[in-house]
Amino acid sequence: MSLAERTKWDARYRGAAPSFTPSAFLTGLDALLPRSGRALDLGGGSGRNALALARRGLDVTLADISPVGLALARDEAIRTGNRLEAVAIDLEIDPPPAGPWDLIVQIYYLHRPLFSLYPALLAPGGLLVVAHPTRRNLERHGKPGPGFLLDDGELPGLVSGLEIVAFDEGWRDDDRHDARLVARRR
């Protein structure tokens with residue numbers, strides 16, 4: 001991402017009150033997700049999912065390009081008594097924080113080259129959780145644009161080297177067409 005992208009996201013986080021409500025997909029995985037260990041939330045913005053993982057008892061690192069979003073997450077972690085490490089990073093240029101990770105979450109952030117790194121970043125038995133809109137989403141919504149969407153059926157092919165635990169695509173309650181996947185390092 002460029003300076004322009006960081007500036008755009010910083011302005012977005014400055015312009016509206018953040019929601020710290022985690023993804024319904026993530027909370028729906030309660031029985032599957034670990035309650036201890038290390039978790040990495042990539043492209044997690046103001047930390048809605050990272051904070052939920054911290055409340056579970058995980059040691060969480062939130063990596064995002066927006067210092068403003070990360071500051072909101074840190075402030076909310078302090079306010080709620082949760083521990084959270086926030087790392088300002090451009091994931092399209094810099095490598096993600098070093099593992100091993102027991103859980104990696106990538107929700108509504110897409111940078112395809114990251115997928116090839118996940119088998120080495122995850123601890124044995126570690127989980128990858130991904131949710132992202134597909135091109136079919138354009139049937140009802142103009143954003144995100146085509147360059148920021150998964151092709152229909154693409155996601156399972158991106159997780160080479162991991163065992164797919166669950167995958168589905170479809171229209172969600174929030175009227176978004178998402179691909180959702182959980183994969184495990186053997």
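In what order do the elements of the protein chain run from the N terminus on? They follow the pattern α-α-β-α-β-α-β-β-α-β-α-β-β. The chain holds 6 helices and 7 strands; helices (H or I, at least four residues) and strands (E, at least two) are DSSP runs, numbered from the N terminus.

This is a predicted model, in which local features need pLDDT of at least 70 and side-chain atom pairs count only at pLDDT 80 or more, while totals for chains, interfaces and linings use all residues. Residues are numbered from 1 along each chain as its sequence is written, and side-chain values use heavy atoms, with hydrogens and water left out.

**Overall form**

With 186 residues, a compact globule would have a radius of gyration near 16 Å, and the protein chain agrees with this at 16 Å. The radius is taken over C-alpha atoms, and the globule rule is 2.2 Å times the number of residues to the power 0.38. Along the principal axes, the C-alpha atoms fill a box of roughly 40 × 40 × 35 Å. Of the 186 residues, 47% count as buried, where buried means under 20% relative accessible area, exposed over 50%, and partly exposed in between (1.4 Å probe, protein chains only).

An open sheet of 7 strands has the order 3-2-1-4-5-7-6, with mixed pairing. At its edges lie strand 3 (85–88) and strand 6 (163–171), each of which pairs on one side only. Neighbouring strands are turned by 10° against each other on average, direction ignored. Axes are lines fitted to C-alpha atoms, for helices over the stretch in contact, and angles run from 0 to 180 degrees between N-to-C directions. Helix 4 (residues 67–80) packs on the sheet and touches strand 2 (59–64) and strand 3, and its direction makes about 175° with that of strand 3. Contact here means heavy atoms within 4.5 Å.

The table lists some strand pairs; two strands pair if DSSP finds at least two bridges between them.

| Strands | Sense | Bridges |
|---|---|---|
| Strand 4 (residues 101–107) and strand 5 | parallel | 6 bridges |
| Strand 5 and strand 7 | antiparallel | 7 bridges |
| Strand 6 and strand 7 (residues 177–184) | antiparallel | 8 bridges |

Individual residues illustrate these pairings.

Strand 5 (residues 122–133) is largely enclosed by the rest of the structure, because 10 of its 12 residues are buried.
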